[in-house]
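Take a look at the model below. Keep it in view while reading.

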Amino acid sequence: MASNPGPFTQWPWEKLGNFKYVVLAPWVIYSLHGYMTKETSKQDVTNLFILPFMLTRMIHNQMWISLSRFQTSRSKHRIVDKGIEFEQVDRERNWDDQIILQSLLFYVFNAFHPGASKLPIWRTDGVIFTILLHVGAVEFLYYWLHRALHHHFLYSRYHSHHHSSIVTEPITSVIHPFAEHVMYFLLFAIPLLTMVFTGTGSLLALIGYINYIDFMNNLGHCNFELIPKRLFLIFPPLKYLMYTPSFHSLHHTQFRTNYSLFMPFYDYLYGTMDASTDKLYDKTVRGKFEKTDVIHLTHPTTLQSIYHLRLGFAYLAAGPYTSKWYLWMMWPITVATMMLTWMFGTTFTVERNSCDELKMQTWALPRFRFHYLLEWQRRGINSLIEKAILEADERGVKVVTLGLLNQDKELNENGKLYLQRHPNLKTRIVDGTSLAVAVVIHSIPKGTEQVILKGNISKMVFAISQSLCQKGIKVLISSRGDFEKLKLQLPSYLGSNLVLSSSYHHKVVWLVEDGTLMDHEQRQAPKGTLFIPFSQFPIKRVRRDCIYYNTPAMVIPKSMENVHACENWLPRRVMSAWRVAGIVNAMEGWTEHECGNTVLDSEKIWHASLRHGFVPVARP
């Protein structure tokens, strides 16, 4: 919201929430009904065209969002090198409101003005009118309207909402109060109305002009420089006719300069061009190399999870992963994306974070969870992981953490495979077992005397069992085979704390692994049982009268910046223990790998993480 909201700030359909598209339903039904029932000569193609055009505009904007987030996470051409937080994502969530508004106005105007109902495909004179009116009237009027909006009276009531975003994303361009958007629509309607009233309008001119506005808006707010310098060298006057992302970024950081819409000519004319415009452009075109200290190597989980990545839908990425019914309607795009990444994909950068002087990136393998379950896929997955580790080593990265199934024992022996192949790696491979164990142990309520442990025998299970037995807590195992294997691995003096038991009664603390706990076993647990997962993936929740913990994770310190996407199913500003372990490892400057059967001192890394500002997740 603006700092001092004025009249007509809120959108009329704001209270409808995600159901706001129902305001278009009567008009869509009317246009379809008219087209299907009228004779061919009386059918209104223009009216029928409004809905698909609206959808293409939304796709266009989403493509810019994904491109911008991808480039700002990896590109050396970032303009403002600061972070975006969840508050900005929430504020900019309703970027589609302006598309709904314009679609409604198109429907209304088309219904009451017969000249707009049957536009030809193309008219050259209408296109010329549009260009001249935009360069003359629209750009000139917008410049002075924009300057007026920066007067303290209007700025505090309206335009300050837009300027709440210092670091811009493409959708920042359309984040304005309702009244401000109405003013912009009236301004941009000048060429469109002129074409209609003079009978020179055409569908391609209308489409082209609106797409031009969308494209330039997104370009100016994308926060990375992509306009090559040679364009201005080939045609020098272009600097007066076309702005660059760095030009408009200065407006968001300096506020009182670079007011122009898309053509800087009027800033030159009226003396409001920022003196550092050319210098900033040259600097961002050259780019700046940034060394990365920690890389977290992860992968998408379900097919729908691609939309929950930071590069996907911003509002979905800003919340814990949950399946959405409407995403099933996008299954052709989902499957096509999966196939393309599978066939041609390579590891890609998902996000970039920083904590004080430490620089971090998250890379994702273009493989989903089901790929890791296919034996014939493992060689290819290992090749991708190995390539990523070697690239990180070449870049001078301190630590690579293996997230989710990238550290699976059957895949690569918890990362040991890569160390065997490349024993001289300078980059440390960390699977994070030590901190995950510590988080699980410290999640158990004080005074607990025994716990049930349900999971496949693994490095994690052994480390948890050993730590609990050392603390004098009895570990109950229901499988005789697992009990015998664990007893052989544990020191003999701890064996008395390992108990074979199939009784679930009166045992209120269960340490469980995803996929090993059956529904009927959960139902046998007493009321109020604590289910504490120690696996990478959460367990299925069957009971409402029991307490389910998150997978091992910690709340990140306030000093960690540019965190505006959730890690899978975890809450905001919470990271998995496996990922945090790598960050703490780099902060401490430790030199030992944690992969294969190696587990670092869990208490040591636990206290180190607390010292660096990471805190336990609040108990549910």
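What follows is a short walk through this predicted model.

Start with the nonpolar cores. The largest one has 66 residues. Leu-435, Ile-464, Leu-468, Leu-511 and Met-560 have the most contacts inside it. Take Met-560. Leaving aside neighbours within four places in sequence, Met-560 is in contact with Ser-354, Cys-355, Met-360, Arg-573, Met-575, Ile-583 and Phe-614. Another core lies apart from the largest one. This other core has 55 residues, among them Phe-53, Met-54, Ile-171 and Ile-207.

Now turn to helix 25, which covers residues 602-611. Its buried residues are Ser-602, Ile-605, Trp-606, Ala-608 and Ser-609. Seen down the helix axis, the buried residues fall within an arc of 165 degrees, so they line one face of helix 25. What do they pack against?

Look next at the ends of helix 25. Asp-601 caps the N-terminal end. One of its side-chain oxygens lies 3.1 Å from the backbone nitrogen of Glu-603. Just after the helix comes Gly-613, with a positive phi of about 100 degrees.

Finally, find Asp-97 in helix 4 (residues 97-112). Is Asp-97 buried or exposed? Its relative accessibility is 5%, so Asp-97 counts as buried; the cut-off is under 20%. Beyond its neighbours within four places in sequence, Asp-97 is in contact with Trp-11, Trp-13 and Lys-20. With Lys-20 there is a polar contact, side chain to side chain, at 3.0 Å. Arg-369 sits 272 residues from Asp-97 along the chain, and their C-alpha atoms are separated by 35 Å.

Notes
Residues are numbered from 1 along each chain as its sequence is written. This is a predicted model: local features need pLDDT of at least 70, side-chain atom pairs count only at pLDDT 80 or more; totals for chains, interfaces and linings use all residues. Side-chain values use heavy atoms; hydrogens and water are left out. A nonpolar core is a set of buried Ala, Val, Leu, Ile, Met, Phe, Trp, Tyr and Cys residues joined through side-chain atoms within 4.5 Å. Buried means under 20% relative accessible area, exposed over 50%, partly exposed in between (1.4 Å probe, protein chains only). Contact means heavy atoms within 4.5 Å. Helices (H or I, at least four residues) and strands (E, at least two) are DSSP runs, numbered from the N terminus. The arc is that of the directions from the helix axis to the C-beta atoms. A polar contact is a pair of N or O atoms within 3.5 Å; within protein, one must be able to donate a hydrogen and the other to accept it, and residues adjacent in sequence count only if both atoms are side-chain atoms.
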